[in-house]
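Here is a short briefing to read alongside the coordinates. Have the viewer open and follow along.

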Amino acid sequence: MSWKNKLLIAHPNLPRHSIFSKSVIYLYEDNTRSGSVGVILNKNSEYTVNYLAESKGFFYPDHNQMLKLGGPVSEKTILMLHSDEWYSSNTMQVGGGLAVSSDDIMIEKLSMGNEPRQWTMCLGMCAWQPGQLAMEINAQFPYTIENSWLTCEADDTIVFGYDGESQWEKAVELSSQQMIDSFF
Amino acid sequence: MGKSSGTQQSTDDRLVLLVEQQKLTKEGSSAWYSYQQEINQLIAERYLLMLNS
């Protein structure tokens, strides 16, 4: 089973000190051979997109758009998850109407007012070796139920329409609803 | 292009080595998790290489 284009939602009992506590992750790659990759959608870093743009010699006028903490690996990587009508130099379509970009040109384009219809920008990402994610989701040793993930189908509204803890609450609700629907 | 393939090859070799080393440790031990962190870092790097190739 592939969880590509799905959301991973942290278990409500995951300890608060975990970086993944109350997190919602969008998985844009899940492959039995190469592993799984995604980004946390609902945790802010301390930096704004404006700050990032200025550090690269550009100007992005919105001072409130935060860079998200995408995850604990490749923490210096800037990655943009966005609607798939927009392109930068290394944009890769990931399905479900979404795409991923990670280059300096995307920041230059944003600074010129050329933005995707919907987007979020992350610092760092999450990765799992082949088989690891299935073990976590199924709470298979050495993972426990607290470390496991709820899952649900991703759509534009849940990916881009919410933020912070409200995004996690909405995702939990969506996951429960989709689970109930699958029984009937 | 040659350089990019070389980097990919080197990442893959390192990944195989780490997975083999992880198998020698006790599942769930701190050494096992430590290998897992390194492996996951390489998985992310490999994805970024693919994105930029």
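A:E173 is partly exposed because 13 other C-beta atoms lie within 10 Å; a residue is buried at 20 or more such atoms, exposed at 12 or fewer, and partly exposed in between, with C-beta atoms placed from the backbone. This is a predicted model, in which local features need pLDDT of at least 70 and side-chain atom pairs count only at pLDDT 80 or more, while totals for chains, interfaces and linings use all residues. Residues are numbered from 1 along each chain as its sequence is written, and chains are lettered from A and ligands numbered from 1 in the order in which they are written.

**Around A:E173**
- Helix 5 (residues 164-183) of chain A holds A:E173; helices are DSSP runs of H or I with at least four residues, and strands are runs of E with at least two, numbered from the N terminus.
- Between the C-alpha atoms of A:E173 and A:K56 there are 40 Å, with 117 residues separating the two along the chain.

**Nonpolar core**
- The largest nonpolar core has 54 residues, and those with the most contacts inside it include A:I25 and A:M125; such a core is a set of buried Ala, Val, Leu, Ile, Met, Phe, Trp, Tyr and Cys residues joined through C-beta atoms within 7 Å.
- Strand 9 (residues 119-128) of chain A gives this core its largest share, seven residues.

**Chains and confidence**
- Chain B has 14 residues in contact with 17 residues of chain A, where contact puts C-beta atoms, placed from the backbone, within 7 Å.
- The model scores ipTM 0.87 and pTM 0.93.

Notes
Two residues are in contact if their C-beta atoms, placed from the backbone, lie within 7 Å.
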